[in-house]
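Subject: The structure, and what came out of it

Hi there,

Here is the structure I promised to pass on. Have a look at it first, and then read my notes below.

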Amino acid sequence: ADFSESTIIEFGTSRELLFATKAPLEFGDQLRVRNCDGSLDEPASVVAVQYQPGKTLVAARFKRDVPNWIVKS
């Protein structure tokens, strides 16, 4: 099912990112990571989840190396 959610990326590298979501994501799920200005639009896959009451903590890995997506000028 297609859905969209705004969240805050708590930690990120050129390969991985960590965030919290209310979406029912599970290990192996595929997702697309986009930012509001369009400078990041990359596929990723869920590599770990931790379930908390009311939210899920997710670790995802980009499909390719995405250098400098965190640094903005």
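What share of the 73 residues in the protein chain is buried? Buried residues make up 27% of them, where buried means under 20% relative accessible area, exposed over 50% and partly exposed in between, with a 1.4 Å probe and protein chains only.

Two notes on how to read this. This is a predicted model, in which local features need pLDDT of at least 70, side-chain atom pairs count only at pLDDT 80 or more, and totals for chains, interfaces and linings use all residues. Residues are numbered from 1 along each chain as its sequence is written, and side-chain values use heavy atoms, with hydrogens and water left out.

Now the overall fold. The protein chain has zero helices and five strands (DSSP runs numbered from the N terminus: H or I of at least four residues for helices, E of at least two for strands). Its radius of gyration is 12 Å, close to the 11 Å that the globule rule gives for 73 residues, so the chain is as compact as a globular protein of that length; the radius is taken over C-alpha atoms, and the rule is 2.2 Å times the number of residues to the power 0.38. Along the principal axes, the C-alpha trace spans about 35 × 25 × 20 Å.

A hairpin of three residues joins β1 to β2, and Phe-11 has Leu-18 in β2 as its bridge partner.

Next, the core. The largest nonpolar core has 14 residues, and Phe-19, Leu-25, Leu-31, Val-33 and Phe-62 have the most contacts inside it. Such a core is a set of buried Ala, Val, Leu, Ile, Met, Phe, Trp, Tyr and Cys residues joined through side-chain atoms within 4.5 Å. At least two residues each come from β2, β3 (30-34), β4 (41-52) and β5 (55-62), and β5 gives the most, with three.

Finally, do look at Thr-21, in strand β2 (residues 16-21). Thr-21 is buried, with a relative accessible area of 3%. A polar atom of the Thr-21 side chain lies 2.9 Å from the backbone nitrogen of Ala-23. Leaving aside residues up to four places away in sequence, Thr-21 touches Glu-5, Lys-55, Thr-56 and Val-58, with contact meaning heavy atoms within 4.5 Å.

Best wishes

Note on methods. A polar contact is a pair of N or O atoms within 3.5 Å; within protein, one must be able to donate a hydrogen and the other to accept it, and residues adjacent in sequence count only if both atoms are side-chain atoms. Two strands pair if DSSP finds at least two bridges between them.
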